[in-house]
Amino acid sequence: MDILQIFLSESFWAASLRIATPLIFGVMGALLCERAGVLNLGIEGIFAAGAMAGWMAVWLGAPLWLGVGAAACAGAFFGALHATLTVPLGLSQHVSGLGITMLATSSSYFLYRTALPDVTSPPRITPFQPLDWPVVSDIPFIGPVFFGQTALTWLALFTVLAVWWLLARTPLGVALKAVGDNPDAVNAQGLSVYGLRFGAVMAGSALMAIGGAFLTMSAFDAFFFGMVNGRGWICIALVIFASWRPGRALFGAILFGMFDALQVRLQTEAGAVVPSQVFLMTPYVLSIIALVLVARKADYPRALLQPWFKGQR
């Protein structure tokens, strides 16, 4: 009955959507990169860079939305570096991505310590506040769950629609999917394989960084070490879970958010009986099980991880 009460509570589903928000940004960014044929394992570091850049910009006096823009620019920068190494140079996407993760994470922590060498506790900013929606916020259940969120959560939901529309309804989306499946055919049509992949990786990395900015500018109000906490790797798994489809990616992100919100509440109910580590690992174990169940049927982009060089057959 306690579990049933958790699933019926408004606060549980509101927390699930809030926890899922950075994952939605991250999985949409990873989906764009991989649809174009480039695996971006730099997402964990790009999350950290976006979190630091957005928070730092606001702490220095910039408006919140300008901080989001600063985070996106930081993500695009690391995306451009990853694309340079993997697209025209054809280097290993695995190695480059892991290098980006280490570089972005370390440089973020270095800049933080350089700017605030003597600070013992992270300085606070005024983060995004839940939006005030007249009338609809008072609707039972739906109001607290959907209309009690911040603007970045709504931006994440809009991003899902935008990515779906881009891939399913526009010539650019068709070209992006084609370059991830058959870059030779795209080149034969006179389109730039390098340009499409470069743009997809930069745009996807910018979305990843906005997911990181959500952590410091909406979920919390400060930047601290370890705050990303593996969310980037979860996004990589969610792309596979979703079979590279935006709608299923949204479902996967909310599912993980639900698992995470559930473990917090289970700790409250049974924390005195069961070690807390069991609850902390629960969302990851359930995500692995869900991934295993669908991974074999995943329809992956055929040219993913395969370097392409113009004029080479």
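Okay, let's start with a pocket: helices α2 (10-35), α10 (193-219) and α12 (246-270) each give at least two residues to the lining of the second largest pocket. Helices here are DSSP runs of H or I, at least four residues, numbered from the N terminus. Keep in mind that this is a predicted model, where local features need pLDDT of at least 70 and side-chain atom pairs count only at pLDDT 80 or more, while totals for chains, interfaces and linings use all residues. Residues are numbered from 1 along each chain as its sequence is written, and side-chain values use heavy atoms, with hydrogens and water left out.

A pocket is an open set of points on a 1 Å grid over the protein atoms alone, where a 1.4 Å probe fits, with protein on both sides within 12 Å along at least five of seven lines; lining residues have an atom within 4 Å of a point. Ours has a volume of about 170 Å³, meaning the space filled by probe spheres set on the points. Its lining includes R18, F214, R231 and D260.

Now, S205, which lies in helix α10. Is S205 buried or exposed? Buried, with a relative accessible area of 0%; the cut-off for buried is under 20%, using a 1.4 Å probe and protein chains only. Beyond its neighbours within four places in sequence, S205 is in contact (heavy atoms within 4.5 Å) with C33, N40, I46, G75, A76 and G79.

Last, α3 (residues 43-59) and α4 (residues 64-86): their axes, lines fitted to C-alpha atoms over the stretch in contact, come within 7 Å and cross at roughly 145°. Among the residues making that contact are I46 of α3 and G75 of α4.

Methods:
Axes are lines fitted to C-alpha atoms, for helices over the stretch in contact, and angles run from 0 to 180 degrees between N-to-C directions. Buried means under 20% relative accessible area, exposed over 50%, partly exposed in between (1.4 Å probe, protein chains only).
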